[in-house]
Amino acid sequence: MPIETISENKAFGGIQSVYRHASAATGTDMTFAVYVPPHEDGAKLPVLWYLSGLTCTHANVMDKGEYRRACAENGVILIAPDTSPRGGGVPDDTGWDFGQGAGFYVDATEAPWSANFRMKRYIEDELPALIAAEFPQADLTRQSIFGHSMGGHGALTIALRNQGRFRSVSAFAPIVSPLHCPWGEKALGGYLGPDKAAWRAYDACALIDDGARVDELLVDQGEADSFLAEQLKPELLAAACERAGIPLTLRMQPGYDHSYAFISTFMADHVAWHAERLKTVTTV
């Protein structure tokens with residue numbers, strides 16, 4: 001599965017690159033960004049996955065996330081995939097919150113979306129295999145995951161479904177329960193159909209209530225976020241974690257909204273938090 005290098009730039013002693021490859025999961029070309037910090041030859045570095053939100057590509061966090069200094073200081077590789085398949089032959093919707101740019105990290109079962117919208121398979125299986133094959137410096141025994149909004153939803157649900165794969169998981173303003181918000185009802189209904197039992201695999205609160213566990217969670221949420229009350233509802237995650245005994249650090253940040261101004265403010269905190277949990281090298 002060859003990859004094409006689109007760009008390479010030096011930053012904080014490391015290399016920020018963007019790649020393209022043909023995806024079997026989505027049936028399209030997919031683009032992703034990788035930042036590899038400075039390191040000694042032969043070193044193996046932990047991996048931090050960042051999942052973006054609605055309307056975003058890999059470029060949003062790359063251009064506005066301000067993660068490279070923190071990744072260089074902590075010796076962490078950051079990988080930022082796209083949020084959906086794209087292209088002229090890929091189904092789309094007139095709304096910005098569904099279709100291209102809004103893959104919700106699910107494997108769609110409803111036509112016409114099921115032909116290409118298989119982001120669960122892409123993020124959980126195909127892209128990690130590609131990283132393992134093409135990036136010998138990536139230590140996939142040490143992985144963590146985080147994301148923003150729809151990507152926060154993705155990070156939480158992927159970590160909960162793949163217990164033991166990730167050392168840590170965090171989120172900025174995540175959609176914590178798509179079963180209980182308009183964004184989620186539109187996306188999951190459209191991609192998965194009307195049977196809400198099938199939605200539970202893509203709802204962090206439902207997964208926790210159904211027995212999935214992680215060691216702990218870190219969530220930052222802006223109090224001035226216009227989506228807070230109707231779409232994000234962090235109180236539902238807090239209640240689910242309390243019921244399950246999962247330690248949750250929920251930091252409500254006064255005055256902050258849903259933008260990358262908010263994300264970039266707390267990005268270094270999250271990178272360092274993950275790096276601390278990624279320090280220990282797995283030995284056989």
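How many of the six residues of strand β8 (residues 217–222) are buried? Six of the six are, so strand β8 is largely enclosed by the rest of the structure. Keep in mind as you look around that this is a predicted model. The points below start with that strand, move to its partners, and end with the cysteines.

- Strand β7, which covers residues 169–172, pairs with β8 in the parallel sense over three bridges.
- To find a contact between these two strands, look for F172, whose bridge partner in β8 is D220.
- Strand β9, made of residues 248–253, also pairs with β8 in the parallel sense, here over six bridges.

**The cysteines**
- The count of disulfides comes to zero, because a disulfide needs a pair of cysteine sulfur atoms within 2.5 Å.
- C181 is in no disulfide, and the nearest cysteine sulfur, which belongs to C205, is 10 Å away.
- C181 is also buried, with a relative accessible area of 0%.
- C205 is in no disulfide either, and the nearest cysteine sulfur to it, that of C241, lies 7.4 Å away.
- With a relative accessible area of 7%, C205 counts as buried, because the cut-off for buried is under 20%.

Terms used: Residues are numbered from 1 along each chain as its sequence is written. This is a predicted model: local features need pLDDT of at least 70, side-chain atom pairs count only at pLDDT 80 or more; totals for chains, interfaces and linings use all residues. Side-chain values use heavy atoms; hydrogens and water are left out. Buried means under 20% relative accessible area, exposed over 50%, partly exposed in between (1.4 Å probe, protein chains only). Helices (H or I, at least four residues) and strands (E, at least two) are DSSP runs, numbered from the N terminus. Two strands pair if DSSP finds at least two bridges between them.
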